[in-house]
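Hi,

Here is the model I promised to pass on.

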Amino acid sequence: MSEIMKMNGKLIGEGKTPFLIGVSGGTASGKSTVCKRIMEKLGQVNMDHTKRQVVCISQDSFYRELNSSEIAKAEKGQFNFDHPTAFNDKLMQKTLLEILAGRKCELPTYDYHNHALRPDDTVTIYPADVVLFEGILVFYFPEILNLFHMKLFVDTDSDTRLARRVTRDINERGRDLDQVLNQYINFVKPAFEEFCSPTKKFADVIIPRGADNTVAIDLIVQHIREFLNNCHKSDSEKKSPHITITRTNSNETHFKRQH
C-alpha cells in the first residue's frame, strides 16, 4: 500500500478520484487565461496550494529532453515544439494516472530560454477535487484523452493567436520577431492544422473567444462549483448539478439549467 501522509489535516496519498478537465486549443488561444479565470471565480488562486480544491497544470511541463542537435535547432527557431513527438506522452500519462489515484505528484519545470527541463525545480501537485490540464495537444494522445471527465476547447481566431504569440514570445521568452514569425509559419500553423484543430471534435464544450467569453466561463464555473459542493456530502445529501452539458447530432454544445 502506498504511503499516506497527513498535512494540515488533509490526507496526502491514496485518495478519491478527482474530476479531471482537459483544456485544449491552439497556441496563445487563451487556454491558461481561461483556467486562471476559472480558478479566480472559484476562489482558488490565493489559497494555500496544499489546501486547494482546484489545481491547474500545463502540458508544457511534459516537453521531453532534447539532444544537442535538437537544442541547436531550437536556438535557431528550427525545432517544432508543436509536434506530438516534442512531448513525453508516457510521463504525461503516468503523472495523470497518479493524480487520478489521489497521490501527490512532482511536475518538472520547463525552461523556455534554455529549451530544457530544470530537474531541481519541480512543482508539487497536491491531491485536489478538480484538476485542470491545459495544452495544445492534450486531446491528441488517445490514452490521455480517455482519462478526462470533461473536455474544453478554447477556439480563438488565428490572427488573434498570432498577435498574442508574438507579444508573449518576445516579451516573456526572449525571442526576436523574425524567429517568432518563421517558427509560426513553418511549424506552429501547420502543426495546429494537422494535430490540434482536428481534436476539437472531441470537446464537450467549445469556448469561442477564450477568456472574453464570460458567459461560457460562468456556466463552467457553476458546473464545477456544484461538483465541489457535492464532493464532501454523503450520497443522501448530494443533489444533481444545476447545469448539464449535452450534445446534439449537429455536434453543437448546449448548457441546460435544471429547475
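One term before anything else: two strands pair here if DSSP finds at least two bridges between them. Helices (H or I, at least four residues) and strands (E, at least two) are DSSP runs, numbered from the N terminus. Bear in mind that this is a predicted model, where local features need pLDDT of at least 70 and side-chain atom pairs count only at pLDDT 80 or more, while totals for chains, interfaces and linings use all residues. Residues are numbered from 1 along each chain as its sequence is written, and side-chain values use heavy atoms, with hydrogens and water left out.

Confidence and overall make-up

The mean pLDDT (the predictor's confidence in each residue, from 0 to 100) is 85, and 83% of the residues reach 70 or more. Residues 1–13 have pLDDT below 50, and this stretch makes 29 contacts beyond near neighbours in sequence; a contact means heavy atoms within 4.5 Å. Residues 240–259 also stay under 50, with 42 contacts in the model beyond four places in sequence. Where pLDDT is low, the predicted coordinates should not be read in detail.

The protein has seven helices and 11 strands. Of its 259 residues, 46% are buried, where buried means under 20% relative accessible area, exposed over 50%, and partly exposed in between (1.4 Å probe, protein chains only). Among contacts with a separation of 6 or more, 70% are between residues 24 or more positions apart.

On the strand 7 side, Leu20 is bridged to Val131 and Ile21 to Leu132; on the strand 8 side, Ser24 has Phe153 as its bridge partner. All seven residues of strand 3 are buried. Phe19, Ile21, Val23 and Gly25 point one way, and Leu20, Gly22 and Ser24 the other. In a regular strand the side chains alternate between the two faces of the sheet.

Strand 4 (residues 54–58) has four of its five residues buried. Its parallel pairing with strand 7 (residues 130–134) runs over five bridges, and Val55 stands opposite Val131.

The cores

A nonpolar core here is a set of buried Ala, Val, Leu, Ile, Met, Phe, Trp, Tyr and Cys residues joined through side-chain atoms within 4.5 Å. The largest has 38 residues, of which Leu20, Ile57, Phe87, Leu96 and Phe133 touch the most other members. Elements supplying at least two residues each include strand 4, strand 7, helix 3 (89–100) and helix 6 (177–196). Apart from this core lies another of 23 residues, among them Phe19, Cys35, Met39 and Leu132. As for Leu20, its contacts include Leu96, Leu100, Val131, Phe133 and Phe148, not counting residues up to four places away in sequence.

Loops to look at

Which residues have a positive phi although they are not glycines? Ala28 is one, at about 60°, and Arg209 is another, at about 70°. Most residues other than glycine have a negative phi, and most peptide bonds are trans. Ala28 lies in the loop between strand 3 and helix 1 and counts as buried because its relative accessible area is 13%. Arg209 is in the loop between strand 9 and helix 7 (214–231).

Thr50 sits in the loop between helix 1 (31–41) and strand 4. Is Thr50 buried or exposed? Thr50 is buried, because its relative accessibility is 8%. Its side chain makes a 2.7 Å polar contact with that of Asp48; a polar contact is a pair of N or O atoms within 3.5 Å, where, within protein, one must be able to donate a hydrogen and the other to accept it, and residues adjacent in sequence count only if both atoms are side-chain atoms. Thr50 and Tyr126 are 76 residues apart in sequence, yet their C-alpha atoms are 5.9 Å apart in space.

Cheers
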